[in-house]
Amino acid sequence: MGFFKKFLVGKSEQGNKQEKAFEHELPQKPHYAQPQQMSSSAQLSENIDYLFSQCKQTGDLKVRALDDGRAALVFYETLVDHEKMQKKIFAPIEMGHVGRIPDLPNSRQMTNLDEAIKKLLSGHVLYFDEDSTRITYFDVTASFNRSVEEPVNEKVVRGSHEGFVENIKTNVNLIRKRIEDKSLVVKYFKVGKKTNTNIAIVYMNGIADPEIVRKIEQRITDISVDMVQSPGFIEEFIEDSTSSPFPQMLNTERPDRVSANIMEGRIAVMAEGSPTSLIAPSTFFMFYQSPDDYNMRWYTGTFIRLIRLTSFLIAIGLPAFYIAVVSFHFEVIPDDLIVPVKSSINDIAYPPLVEALVMVIIIELIREAGIRLPSPVGQTIGIVGGLVIGDAVVRAGLISNLMIIVVALTAIASFVVPSNELSTTLRLLTFPLIFLAGTLGFVGIMFGLLFIAIHLTKLESFGVPYFAPIAPLSLNDLKDTFVRIPLYKMNKRPKDAHPTKQLAMEESREWKKNEQSK
Amino acid sequence: MSSQSKPMISRRQFFFIIVQTEIGVGVLSMPYDLHGIAKQDGWISLLITAFSLLIILFLLWMLAKRHPSLNFFQILERVFSKWPGKFIIVAYIIYFTSVSVLIVLLFGRMLSLWVLPSTPFWVLSILMVSVCLYLTASGLKIIARLYTSLSLFLFILIFLMVFCFSELEILYILPVAQSGWINIVKGANEGLLSYFGFIVTLVIYTYVEGKPKDKFKTVFWAHCFVTCFYLFVVLVSFTFFSTKEIALVQEPVLYMLKSFQFPIIARIDLFFLSIWVVSVATSFATYLFMTGMGLQTVFQKQSSILVTLAAISIFIISIFFGFESERLELLGNVVVFLGYAFGIFIPIFTLCISALRFKAKKEGGKQSE
């Protein structure tokens with residue numbers, strides 16, 4: 001054992017050295033895939049003992065002795081599908097001898113015991129026989145999948161109703177079905193030293209900027225943690241600026257949204273065990289696009305999109321604006337409105353700043369309570385919170401009518417954003433603006449907004465400016481930002497993702513010219 | 001300094017940097033100042049200022065063109081050799097700092113007069129300085145991007161003023177040239193304060209992409225844009241208020257907008273003022289940036305600590321100075337005087353020296369890189 005210990009220590013030092021080397025250049029293979037050197041012995045019992053000692057005598061590791069103890073199958077009974085095992089191994093040899101198992105069509109061989117443990121953990125069954133060092137293994141993983149359903153938080157009226165599930169292979173399949181092209185590339189990574197989570201990045205070779213692809217690969221291979229649960233973990237490890245309140249990668253559960261973004265030259269990151277996929281590089285305005293926009297007439301699409309962008313201003317600015325008006329700039333209200341406004345706020349004991357903070361926090365409470373509870377109770381909370389509290393608080397003279405209207409509008413506006421991440425960001429940004437408005441009026445709001453604008457301009461997502469196409473200004477890309485012009489006119493991909501191929505379509509409505517010329 | 005690591009900006013961004021730097025704190029009081037000397041002919045003074053500045057801008061361009069790969073401070077070091085160059089740079093840093101202080105003070109005074117009478121000045125000063133420091137520390141590229149998108153606000157300013165068109169009276173600017181040409185030329189001096197940002201063309205010239213000729217075209221059009229904007233403001237104020245009235249209103253544009261009321265909103269002057277805050281911030285940020293750049297050249301160090309130090313000192317000076325009218329006027333006069341020296345005479349002097357020193361080897365600037 002002393003020999004082994006020394007051997008293993010030596011190995012790990014070498015591994016460290018290699019890890020250091022990877023910091024400078026991108027490894028061909030990620031470092032976790034380095035094979036270890038414990039090769040199998042010709043003694044069946046030695047092999048099995050080694051497996052059991054390595055797997056810490058866990059209760060669900062089963063050995064099935066065959067051929068009077070001269071051969072054995074080893075597997076985790078909690079990971080394998082017994083029916084598959086029956087079909088792949090026992091049915092073909094029903095008539096013959098156990099010794100024919102290694103020759104079965106689905107089998108693969110190796111001699112490394114540590115590699116074999118990894119296979120064991122990913123749901124393979126191992127076959128050992130006496131007097132031979134080879135290990136034969138079969139893939140008999142059991143998987144229990146949710147069916148492909150429409151994601152609850154990203155519903156659309158028209159268009160595909162499919163959504164990602166927790167299985168990464170199904171998810172990649174959903175994208176491959178949408179993009180039948182040989183340049184669609186999927187790259188797998190294993191992340192998480194203990195969880196060994198399968199991560200995939202998906203992109204179009206020849207459209208996506210290789211520099212950005214390289215950056216994402218580099219950042220994913222740099223992750224060195226025990227547990228990676230979902231894209232949320234990965235996002236924090238690979239995003240550019242963790243101190244920014246703005247999400248720098250788009251989270252989505254919709255395959256159509258992912259494939260559209262892949263076709264724009266962006267890169268999708270998916271993880272086993274989570275239906276959410278991340279899209280990078282992202283820009284601020286991507287969070288305001290929804291697949292629905294492209295399934296409507298373009299006038300309606302434009303209209304809806306403008307409403308969403310207005311909702312951005314309402315969500316972060318309306319309470320602040322209202323507070324600034326009632327506490328600093330009362331003269332902004334036209335003469336006819338002064339009496340109703342004044343009579344509404346006159347009897348309120350608290351300053352508008354406190355009123356607004358209380359109401360915004362109450363709304364957040366109701367929202368958070370509603371999410372965590374089962375849906376029938378959630379609705380009750382909504383009614384109790386929204387109607388009862390809202391009404392009672394006004395009657396009690398604690399909060400003014402107008403403040404309720406303002407805060408309710410703000411809350412609704414913040415839910416208009418198609419992305420949950422950005423919506424929470426907006427609600428968070430309301431607070432500093434409320435404080436600034438309550439202390440400095442319009443000037444405070446202006447400085448707050450200027451600060452946010454500077455921050456957005458400064459922010460980058462994988463080396464791509466986040467606030468594109470506004471800053472840096474790109475007039476050509478505005479056509480899919482504030483408006484949604486007819487699809488046949490969007491013949492160029494947006495510049496922000498640095499696509500290597502700009503042209504996305506050639507003349508698609510040639511037939512019109514042809515018909516007219518007749 | 002290799003040209004590879006330089007942050008390059010496009011000519012469109014250059015255009016907007018010039019515009020945003022020039023249009024700033026002066027826009028509200030400029031009609032009043034012009035009127036104080038040239039009466040209703042103030043707009044002619046403005047045109048004279050604009051035209052003479054064009055010649056100066058051409059000379060500045062000549063200087064920058066001679067040393068295409070150096071920024072202004074490096075040019076100074078090169079032309080005057082190391083230590084005298086550094087001395088002049090320090091003088092420039094003091095000049096830029098004093099302009100920044102003046103901007104913050106004028107800004108604070110305007111706000112306390114119009115919207116925030118009881119807010120202590122240090123609050124406004126700290127807001128302005130910290131927001132602009134955040135911007136300046138992000139580098140030229142971010143500044144350029146932001147200015148380009150913020151320029152939308154300039155059009156909103158113009159749009160707000162368009163509401164007054166129905167009330168304008170062209171007769172107020174007649175008769176033309178009544179106040180006499182001497183006064184008109186004197187009035188040109190008043191207009192200069194609003195244009196002082198023009199020095200930025202020289203300072204960041206080397207970071208702009210494109211051929212020298214195209215760059216000058218950009219400078220030219222930016223200058224034209226600013227002149228048109230100012231002319232618009234001046235003419236609207238001069239025709240809205242009569243010659244006698246305007247002598248009483250220090251901020252004609254705001255008073256003009258104040259008199260309008262719409263069914264949904266009254267007092268557009270407050271909105272105008274809020275947007276004006278952004279214009280002031282952009283001018284201030286550019287001066288802060290130039291100060292930081294000067295400090296970095298002097299100390300040969302690329303670090304944001306220097307800019308932070310500059311910002312803190314501007315903040316402290318502005319608080320101790322305060323914005324009493326008389327002291328502010330004194331500072332204003334000093335800054336105008338310094339503006340002639342640092343914006344016009346020193347660059348032209350530098351151009352002469354540079355022409356004498358580097359006559360023989362015209363490509364000297366390029367070879368040394």
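How many Å separate the centres of domain 1 of chain A and domain 2 of chain A? Taken over C-alpha atoms, the separation of these centres is 33 Å.

**Orientation**

This is a predicted model, in which local features need pLDDT of at least 70 and side-chain atom pairs count only at pLDDT 80 or more, while totals for chains, interfaces and linings use all residues. Residues are numbered from 1 along each chain as its sequence is written, and chains are lettered from A and ligands numbered from 1 in the order in which they are written.

Colour the model by pLDDT (the predictor's confidence in each residue, from 0 to 100). Chain A averages 83, with 92% of the residues scoring at least 70. Select residues 1-35 of chain A: pLDDT is below 50 there, and the stretch has 18 contacts beyond near neighbours in sequence; two residues are in contact if their C-beta atoms, placed from the backbone, lie within 7 Å. Chain B averages a pLDDT of 85, and 96% of its residues score at least 70. Within chain B, mean confidence is highest in helix 6 (residues 121-136), at 93, and lowest in helix 17 (residues 364-367), at 43. Helices (H or I, at least four residues) and strands (E, at least two) are DSSP runs, numbered from the N terminus. The model as a whole scores ipTM 0.92 and pTM 0.87.

**Domains of chain A**

Select 30-139, 168-282 and 294-465 of chain A in turn; these are domain 1, domain 2 and domain 3. The bounds come from an automatic or database domain assignment.

Zoom in on strand 1 and strand 2 (residues 71-76) of chain A, which run antiparallel and are joined by 6 bridges. Here L61(A) has Y76(A) as its bridge partner.

Strand 6 and strand 7 (residues 197-204) of chain A run antiparallel and share 8 bridges; V185(A) is partnered with Y203(A).

**A loop residue**

Select L487(A), in the loop between strand 12 (464-465) and helix 15 (510-517) of chain A. Is L487(A) partly exposed or buried? L487(A) counts as partly exposed because it has 14 C-beta neighbours inside 10 Å; with C-beta atoms placed from the backbone, 20 or more others within 10 Å make a residue buried, 12 or fewer exposed, and numbers in between partly exposed. The C-alpha atom of R297(A), 190 residues away along the chain, is 10.0 Å from that of L487(A).

**The interface**

Finally, show both chains: 22 residues of chain A are in contact with 25 residues of chain B. The chain A side comprises 17 nonpolar, 3 polar and 2 charged residues. Ala, Val, Leu, Ile, Met, Phe, Trp, Tyr, Cys and Pro count as nonpolar, Asp, Glu, Lys and Arg as charged, and the others, Gly among them, as polar.

Key: Two strands pair if DSSP finds at least two bridges between them.
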